Amino acid sequence: MSIEKQQVLEAFHFRSACRYYDANKKISREDMEYILELGRLSPSSVGSEPWQFLVLQNEALREKIAPVTWGIKHPMNEMSHLVVLLAKKNARYDSVFFRNSLERRGLTPEQIEATLSRYKTFQTEDIQITDSERTLFDWCSKQTYIALANMMTGAAMIGIDSCPIEGFHYESVNRILSEAGLFDANEWGVSCMVTFGYRSKEIKKKYRKPADEVIKWIE
């Protein structure tokens, strides 16, 4: 399959944080499933896939989180879809989460033990993230942003707008959604959100630093 470079660049220029959605224009189920599939297929550190995607279409729950979600500046019914990205908690090298992941890949018991040993060195010595639950959670949250970017870019390539959302009170949103039974707060936590839909007005051209300020070639 071949995609023209110019098409990809045009999608990146098209994609901007959308603050105003057309409430009367909704994304089809087929297109939304395509966007979510891009997230599911995204890469992650050591293939951990430490994420879940909640497609929050329930109006009552949307309105319940609205008072503590200041990053969504428009009424909750304007956007077509709201996706909440969850990150895994306590994803240590010796967790059931990692062992189950390796078993699903069809590894032998010997291969599993060797891989977990490698993960132990990676987490404790190379990247040093086992000192606290928060550090482990932040590591998993970083992986969700790869899926987030792929979903937004893929959406832009078919003319769908999006906006990443970090502007909310995390403790409150975690409490509201976990109490609604959407996830186990001991195992998962909200990493970020993203809205999708179709812009209702033109978006001002975005500014980006010039290439010579952000790109360095070392040859």
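A residue counts as buried under 20% relative accessible area, as exposed over 50%, and as partly exposed in between. Glutamate 49 has 42% relative accessibility, so this residue is partly exposed. The model is a predicted one.

**Overall build**

The protein has eight helices and four strands. Starting at the N terminus, the order of elements is α-α-β-α-β-α-α-α-β-α-β-α. A box of roughly 55 × 55 × 35 Å, taken along the principal axes, holds the C-alpha atoms. Of the 219 residues in the protein, 42% are buried. Take the contacts between residues at least 6 apart in sequence: 79% of them join residues at least 24 apart.

The pairings are listed here.

| Strand pair | Sense | Bridges |
|---|---|---|
| Strand 1 and strand 2 | antiparallel | five bridges |
| Strand 2 and strand 4 | antiparallel | eight bridges |
| Strand 3 and strand 4 | antiparallel | five bridges |

Tryptophan 51 has alanine 87 of strand 2 as its bridge partner. Histidine 81 is bridged to phenylalanine 196 in strand 4. Serine 162 also stands opposite phenylalanine 196.

How many residues of strand 4 are buried? The count is 10 of 10, so strand 4 is mostly covered.

**The nonpolar cores**

The largest nonpolar core has 22 residues. Ile65, Val84, Leu177, Val190 and Met193 have the most contacts inside it. Five elements each supply at least two residues of this core: helix 3 (59-65), strand 2 (81-88), strand 3 (161-165), helix 7 (170-179) and strand 4 (188-197).

Which residues does valine 84 contact, leaving aside its neighbours within four places in sequence? The set is Gln52, Phe53, Leu54, Leu56, Leu177, Val190, Cys192 and Met193. Of these, Leu177, Val190 and Met193 are also among the residues with the most contacts inside the core.

**A helix pair**

Two packed helices are described by the angle between their axes and the distance between the axes. For helix 2 (residues 29-40) and helix 6 (residues 133-156), the angle is about 145° and the axes are 8 Å apart. The crossing of helix 2 past helix 6 is right-handed.

Helix 2 brings Tyr34, Ile35, Leu36, Leu38 and Gly39 to the contact. Helix 6 brings Ala147, Asn150, Met151, Gly154 and Ala155. Sorted by class, the contact has seven nonpolar residues, three polar residues and no charged residues.

**Loop residues**

Most residues other than glycine have a negative phi. Glutamate 49, in the loop between helix 2 and strand 1, has a positive phi, near 45°. Glutamine 128 lies in the loop between helix 5 (109-126) and helix 6. The phi of glutamine 128 is also positive, near 55°.

Is glutamine 128 buried or exposed? Its relative accessible area is 55%, so glutamine 128 is exposed. Glutamate 49, at 42% relative accessibility, is partly exposed.

Glycine 71 sits in the loop between helix 3 and strand 2. At 8% relative accessibility, glycine 71 counts as buried, because the cut-off for buried is under 20%. Not counting residues up to four places away in sequence, glycine 71 touches Arg19, Ile165 and Gly167. Methionine 157 is 86 residues from glycine 71 in sequence. In space the two are 24 Å apart, C-alpha to C-alpha.

How values were computed
Residues are numbered from 1 along each chain as its sequence is written. This is a predicted model: local features need pLDDT of at least 70, side-chain atom pairs count only at pLDDT 80 or more; totals for chains, interfaces and linings use all residues. Side-chain values use heavy atoms; hydrogens and water are left out. A nonpolar core is a set of buried Ala, Val, Leu, Ile, Met, Phe, Trp, Tyr and Cys residues joined through side-chain atoms within 4.5 Å. Buried means under 20% relative accessible area, exposed over 50%, partly exposed in between (1.4 Å probe, protein chains only). Contact means heavy atoms within 4.5 Å. Axes are lines fitted to C-alpha atoms, for helices over the stretch in contact, and angles run from 0 to 180 degrees between N-to-C directions. A crossing is left-handed if the near helix is turned anticlockwise from the far one by less than a right angle, and right-handed if clockwise. Ala, Val, Leu, Ile, Met, Phe, Trp, Tyr, Cys and Pro count as nonpolar, Asp, Glu, Lys and Arg as charged, and the others, Gly among them, as polar. Two strands pair if DSSP finds at least two bridges between them.
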